[in-house]
Amino acid sequence: METMTDQASDHESRRRRAQAVNRLAIRTGILRALAACLVAGLAGCALRPRPEATHVDRRMDLQTVLAHPQRTRGARVRWGGMIVRDNVGPAHSTLTILAYPLNGRGRPRLSRMPEGRFQAVAPGYLDPILFARGRLVTVVGTVIGTKPGLIGQAHYIYPRVQVLATHVWHLYRPRRRRWRFGLGIGIGL
């Protein structure tokens with residue numbers, strides 16, 4: 001009889017230990033989730049525009065630089081568009097970009113007409129996978145002049161910008177609508 005009582009109390013103590021471990025795991029999970037939310041919230045508050053983007057001449061466009069290349073040299077601009085060609089080297093990299101007007105966040109607006117092409121010259125190596133043809137990019141830099149070139153067989157004069165900062169944009173992906181029906185109170189994701 002004593003052995004059955006010992007077995008019952010041993011079983012009860014194992015059950016209590018398992019419950020305590022489960023409660024501890026739940027508390028740990030909740031604390032980790034709260035910590036992750038706190039870090040994400042603080043990171044969201046900490047994101048501000050780069051200082052380079054706040055000190056640009058918003059009136060300076062490609063046509064102004066083409067009309068007055070000597071007068072506009074040294075002007076700080078923020079231009080963007082679609083990369084149409086890249087020339088990557090160990091000392092510097094040159095991106096040829098089809099320029100589009102930018103929205104308030106600096107993203108190229110592909111729904112508008114292109115404004116022309118420009119070249120962004122960056123010191124060092126730019127990864128050709130990240131800065132691939134067809135990607136959208138915004139560049140902050142200083143105007144360093146113009147350079148003649150070709151587009152197919154046509155002669156073209158490219159405004160050139162010495163890059164201070166770049167931002168490569170992700171392409172929009174349309175969201176699939178998921179319809180959910182139900183009764184009651186709940187949280188849907």
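Let's start with tryptophan 79: at 6% relative accessibility it counts as buried, because anything under 20% falls in that class. Keep in mind that this is a predicted model. Tryptophan 79 is a handy guide here, since it turns up in an aromatic pair and also in the lining of a pocket.

**Aromatic pairs**

- Two aromatic pairs are counted in this model.
- One of them brings together tryptophan 79 and phenylalanine 118, with 5.2 Å from centre to centre and 70 degrees between the planes.
- That makes the pair edge-to-face, because the angle is over 60 degrees.
- The two partners come from distant parts of the chain, 39 residues apart.
- Tryptophan 79 belongs to strand 1 (residues 76-88), while phenylalanine 118 belongs to strand 3 (residues 116-123).
- Phenylalanine 118 is buried too, with a relative accessible area of 0%.
- Then there are tyrosine 156 and tyrosine 158, whose ring centres are 4.9 Å apart.
- Their planes meet at 65 degrees, so this pair is edge-to-face as well.

**Buried or partly exposed?**

- Tyrosine 158 has 2% relative accessibility, so it counts as buried.
- Tyrosine 156 comes out at 23%, so it counts as partly exposed.

**The barrel**

- Five strands make a closed barrel, in the order 1-2-3-5-4, and their pairing is mixed.
- On average, neighbouring strands of this sheet are turned by 45 degrees against each other, ignoring direction.
- Strand 2 (residues 92-100) and strand 3 run antiparallel, and eight bridges join them.
- If you want a spot to look at, serine 93 has alanine 122 in strand 3 as its bridge partner.

**The second largest pocket**

- This pocket holds about 230 Å³ of space.
- Its lining is made of 15 residues, and Arg58, Met60, Arg78, Trp79 and Leu102 lie nearest the centre.
- So which strand gives the most to the lining? Strand 1 does, with three residues.
- Strand 1 and strand 2 each supply at least two residues of the lining.
- Sorted by class, the lining has eight nonpolar residues, six charged ones and one polar one.

How values were computed
Residues are numbered from 1 along each chain as its sequence is written. This is a predicted model: local features need pLDDT of at least 70, side-chain atom pairs count only at pLDDT 80 or more; totals for chains, interfaces and linings use all residues. Side-chain values use heavy atoms; hydrogens and water are left out. Rings of Phe, Tyr and Trp (its six-membered ring) pair if their centres lie within 6.5 Å; planes under 30 degrees apart count as stacked, over 60 as edge-to-face and the rest as tilted. Helices (H or I, at least four residues) and strands (E, at least two) are DSSP runs, numbered from the N terminus. Buried means under 20% relative accessible area, exposed over 50%, partly exposed in between (1.4 Å probe, protein chains only). Two strands pair if DSSP finds at least two bridges between them. Axes are lines fitted to C-alpha atoms, for helices over the stretch in contact, and angles run from 0 to 180 degrees between N-to-C directions. On a 1 Å grid over the protein atoms alone, a cavity is a set of points where a 1.4 Å probe fits but cannot get out, and a pocket is an open set with protein on both sides within 12 Å along at least five of seven lines; lining residues have an atom within 4 Å of a point. Grid points are joined across faces, edges and corners, and a volume is the space filled by probe spheres set on the points. Ala, Val, Leu, Ile, Met, Phe, Trp, Tyr, Cys and Pro count as nonpolar, Asp, Glu, Lys and Arg as charged, and the others, Gly among them, as polar.
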